[in-house]
Amino acid sequence: MKTKNALLSVLVLAGMAGGGYEAYTLWKIEHFNAALRDNTVLPLDQYPLTEKFAAAYRQGNAGEYKHAIQTYGQLLEMAPDNEMQARVHYNVGNNLLRFGLSRRVNDDGSLIEDARYALMQARASYEQALRLDPALLPASFNLDLLLSILPANLQQVEKEQSGVQLSNLPIGLP
């Protein structure tokens with residue numbers, strides 16, 4: 001009987017410790033979310049990935065697409081797993097897509113070279129995101145959207161540019 005009570009006491013203590021840890025984790029998450037809602041600057045040493053993501057996101061929203069892509073490239077080097085890398089590639093694709101769509105067209109209605117290159121790189125980024133995380137539905141949706149707006153002749157040209165790299169973002173699996 002004493003062994004059962006001791007075992008039960010150990011289990012109760014372990015459960016309380018686990019519950020305390022979960023409560024602390026939830027408190028940290030709520031504290032973090034509240035800081036984001038209030039536009040409070042978070043300490044870099046506590047949330048380096050989140051701070052880098054936020055900086056890249058702000059740059060993209062400000063129309064500084066090239067700077068945002070470079071910041072996402074730095075974040076890619078810090079990403080701990082395939083899921084995070086997939087999200088980085090997805091965001092790179094979003095910024096390239098926005099950059100490509102913001103470029104002017106030539107007098108004959110064709111895309112200028114910057115836009116063509118950006119859209120092809122956006123496609124490659126979405127495809128890379130899906131290779132890393134096939135369940136990333138926003139990347140699949142944006143890739144389908146991109147393919148639906150690309151001119152047919154532009155999609156054929158892309159096949160010839162198989163080894164193109166954008167900055168330090170590798171295209172294809174390592």
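**Nonpolar surface patch and helical core**

L8, V12, L13 and M16 form a nonpolar patch on the surface, together holding about 420 Å² of accessible area. Patches comprise residues with over 30% relative accessible area and no salt bridge, nonpolar side chains (Val, Leu, Ile, Met, Phe, Trp, Tyr) being joined within 5 Å and like charges within 9 Å. A salt bridge is a side-chain nitrogen of Lys or Arg within 4 Å of a carboxyl oxygen of Asp or Glu. Accessible areas come from the Shrake-Rupley method with a 1.4 Å probe; for residues, only the protein chains shown count as cover. M16 lies in helix α1 (residues 2-37). M16 is exposed, at 56% relative accessibility (exposed, over 50%; buried, under 20%; partly exposed, in between; 1.4 Å probe, protein chains only).

The model is predicted: local features need pLDDT of at least 70, side-chain atom pairs count only at pLDDT 80 or more, and totals for chains, interfaces and linings use all residues. Residues are numbered from 1 along each chain as its sequence is written, and side-chain values use heavy atoms, with hydrogens and water left out.

The protein has seven helices and zero strands. Helices (H or I, at least four residues) and strands (E, at least two) are DSSP runs, numbered from the N terminus. Of the 174 residues, 33% count as buried. The accessible surface comes to about 11,200 Å², and carbon and sulfur atoms hold 57% of it.

The largest nonpolar core has 28 residues. Such a core is a set of buried Ala, Val, Leu, Ile, Met, Phe, Trp, Tyr and Cys residues joined through side-chain atoms within 4.5 Å. Y72, V88, Y126, A139 and L146 have the most contacts inside this core. Two or more residues each come from α2 (48-61), α3 (65-78), α4 (82-102), α5 and α6 (137-149). α5 gives the most, with eight residues. Beyond its neighbours within four places in sequence, V88 is in contact with F53, Y72, L75 and L76 (contact, heavy atoms within 4.5 Å).

In α3, the buried residues are Y65, A68, I69, T71, Y72, G73, L75 and L76. The buried residues of α3 pack against α2 and α4.

α5 is largely enclosed by the rest of the structure, because 15 of its 20 residues are buried. α5 reaches 29 Å from its first C-alpha to its last, close to the expected 28 Å (1.5 Å times one less than the number of residues). S125 is found in α5 (residues 113-132). S125 is buried, with a relative accessible area of 3%. Neighbours within four places aside, S125 is in contact with H89, V92, G93 and L96.
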